[in-house]
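Biologist: I'd like to learn how to read a model like this one, feature by feature. Can you walk me through it?

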Amino acid sequence: MKPVFMASVASLALLTACGQVDSGTDSNTAADQASAGDVAADATVAANPFLDAEWNTPFGTPPFDSIANEHYAPAFDAGIAESRAEFAAIVENTDAPTYENTIIAMERLGSSLSRVQSVFYALASAHTNETIQSLSREYSPQFSALGNEISLDSRLWERINTLYETRDSLGLDADQLRVLELYHRDFVRAGALLNDEDKTRLAELNTQISGLTVAYGQNLLAENNAYELVITDEADLAGLPDGIRAAGAREAERRGYENSWVFTTSRSSITPFLTFAENRELREDIYNGYVMRGFAGGDSDNQDEAIEISRLRAERAQLLGFANHASYQLETRMAQNPENLSDFLNQIWEPALARAREERDDMQAMIDAEGGEFQLAAWDWWYYSEKVRQARYSLNEEEVRQYFVLENVRNAAFEVANRLWGLTFHPVEDAQVFIDGVEVWEVREADGTHVGVFYGDFFARPTKRGGAWMNSFRGQQNIDGENQRPIVGNYLNLSPPAEGDPALMSFNEVSTLFHEFGHALHGLLSQQRYPRIAGVTGPRDYTEFPAQIYEHWAAAPEVMREFFTHAETGETIPDELMERLQAAANFNQGFATTEYMAASLLDLAWHSLGPDEIPEDALEFETRVLDDIGMMEEIAPRYRSTYFSHIFAGGYSAGYYAYIWSNLLDADGFIPFRENGLYDETYAQRLRDNVYGAGGIRPALDLYVSFRGQEPTIEPLLEGRGLIESDSE
């Protein structure tokens, strides 16, 4: 995961979702686990830290040791009341609207509520419990109602519209004008021009959608925790490397099983099992456990939620004057409309599918050569693709993992930022954390100036949702000249190592760490005056660009050679191994691109429907969509309709394509560093000024062109994925 940001009231995300960008299982439910609120179980509940004006902690970081579950509800209530009072002061002001008494006042609105929400929703994703889940269900409609009150208030709209209509005479600078234009646009899109009856219906739709997305996410967590593959016969572990066996034994012990091994649908568990386990029946079992999440009926089935969310979104889009939800969402993104997006995706889909068919045929040839009397099935793909990769490139995944130690990978991500921009990272030993194992660093400029604070939470657990993401505990802004600096976090789901052992990573996990750290840098390096245009903001198909371009440094030979050393011997990764990794970089890219593209097209299909076109059967609809695009039966979409939290519980609806669109930018954008040097000073500064530090100060394409000097073309993307031959070959 690489998903939704904590938004100010000003941005009209309106306090309804957790602040994340970007995607552990246990026999117990998350309700049985401890959370940060339990850390303070013996604390005096009356001393609510959320009601304190300031936090007497390093850099104003959250005082997790003092936060109890009981603190959230009164803090939410106080924050809602304060936000309503602040809002009333704006709309009941009898003075003529000015930039200060309307726009600036809106930029300040809701700060107390945002502070408690930032902590609450961080834990709701990273370390949840039954109380947090219950509060999420209880307060989601209240936050939605508050957002509706603000965005649909005609008095506020009149003030904003008056300023907008007279903007040329207000003497605004470029930043102020940009913020005003965004406010005006966002209020129109939020329903400001609707009549009273339609506003009432819109508010109802917003509240219903908010509640359903919460339910979808909680259902998925329950589904993740429901499946376990319990192995009692060691013979069934044939093919699994020692490290994977040990992880399975630890999981079994944690779940109360003796002399057993347990594997789950967590990516850090299922992927190595599918890759190495020789037992085909067990591969089929765990694969089906993964792809059938939310489809099996019962209390946590997500089919009805997916259908109803789609229906309500379609009705809302039509109410706002759009043909469907996709048209509404894409209007403010780089893709602009569904037609442009379809044209773009189709340029990639056909070559990706053709490459995937070639990969399938190669694996079937190996099966036949080994005397296997079966056709390759979906649960065979990882296993046989690894065998083909080993045969073709002499690459063993377990051998490769020995060179990617978490501490070294993290330090490499830090050092790349140092070489590019002079940033340094310093542990904050006295910072409080919500669970043991989370680490905290202060980030400084080369001259020692404070930049922000970075949290790292890298390991999977049952109380943590799947995927990887970045969040913000506090955003950057400089509205009063104080330059409030950001506090951000990264969250991964690595398999925890045995006590005393190093945490080893696959190269995909290395890329994910660099990706999420790119998001973190986008938040940390922001240098904007107004919250509306600060931090990780901009269209969804652009905000993945700062994360994805950072991945390129992870694969650079210079970085590998300097930082990636063997876990036991300390030997630097050999050049010949790097050469084999580079040669295999696009191996299985047909599969990777096809499963991703299928999910993107499925997302677009769900959200291109009008309210009268919503299907009654989610599985039947999904099957029809995949048949229409010619999807191979040996590959499932990366996410299916019932566990597609990006689009049904996050901020990526009609937007999962954003990763491949941003790939258009990052493939083109890294060319200057490949040609001029990995840390070229000129382009590094342009990248910081126009991307990482720029927030949403200008339209996304303008920012990209200011950095790159030209608009992107699709050829570097296709070449980078090995879908067309490079001109340099």
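This is a predicted model: local features need pLDDT of at least 70, side-chain atom pairs count only at pLDDT 80 or more; totals for chains, interfaces and linings use all residues.

Biologist: Where is Asn-302 placed, and is Asn-302 buried or exposed?

Modeller: Asn-302 sits in the loop between α11 (280-291) and α12 (303-319). Its relative accessibility is 0%, so Asn-302 counts as buried. As for its side chain, that reaches the backbone oxygen of Thr-642 at 3.2 Å.

Biologist: Now helix packing. How do I read the way α3 and α7 pack?

Modeller: Two packed helices are described by the angle between their axes and the distance between the axes. Here, helix α3 (residues 99-108) and helix α7 (residues 174-189) pack at about 75°, with axes 11 Å apart. Since 65 to 115 degrees counts as roughly perpendicular, that makes α3 roughly perpendicular to α7.

Biologist: Which residues make the contact?

Modeller: On the α3 side, Tyr-99, Ile-103, Met-106 and Glu-107; on the α7 side, Asp-175, Gln-176, Val-179, Leu-180, Tyr-183 and Phe-187. By type, the residues of this contact split into seven nonpolar, one polar and two charged.

Biologist: And within a single helix, which residues of α28 are buried?

Modeller: The general idea first: an α-helix has 3.6 residues a turn, so residues three or four places apart point the same way. In α28 (residues 681-692), the buried residues are Tyr-683, Ala-684, Leu-687, Arg-688, Asn-690, Val-691 and Tyr-692. Their cover includes α17 (406-421), α18 (507-524) and α27 (671-676). At the start of α28, look for a side-chain oxygen of Asp-680, which comes within 3.3 Å of the backbone nitrogen of Thr-682.

Biologist: Let's turn to strands. Why is β6 described as largely enclosed?

Modeller: Eight of the ten residues of β6 (residues 450-459) are buried, so this strand is largely enclosed by the rest of the structure.

Biologist: How does β6 run with β5 and with β8?

Modeller: Strand β5 (residues 439-444) and β6 run antiparallel, joined by six bridges; Val-443 stands opposite Gly-452 in β6. With β8 (residues 487-494), β6 runs parallel, again through six bridges, and there Phe-459 stands opposite Leu-494.

Biologist: What should I look at in the hairpin of β5 and β6?

Modeller: Five residues lie between the two strands, and Gly-448 takes a positive phi near 95° in that hairpin.

Key. Residues are numbered from 1 along each chain as its sequence is written. Side-chain values use heavy atoms; hydrogens and water are left out. Axes are lines fitted to C-alpha atoms, for helices over the stretch in contact, and angles run from 0 to 180 degrees between N-to-C directions. Helices (H or I, at least four residues) and strands (E, at least two) are DSSP runs, numbered from the N terminus. Angles under 35 degrees count as roughly parallel, over 145 as roughly antiparallel, 65 to 115 as roughly perpendicular and the rest as oblique. Contact means heavy atoms within 4.5 Å. Ala, Val, Leu, Ile, Met, Phe, Trp, Tyr, Cys and Pro count as nonpolar, Asp, Glu, Lys and Arg as charged, and the others, Gly among them, as polar. Buried means under 20% relative accessible area, exposed over 50%, partly exposed in between (1.4 Å probe, protein chains only). A polar contact is a pair of N or O atoms within 3.5 Å; within protein, one must be able to donate a hydrogen and the other to accept it, and residues adjacent in sequence count only if both atoms are side-chain atoms. Two strands pair if DSSP finds at least two bridges between them.
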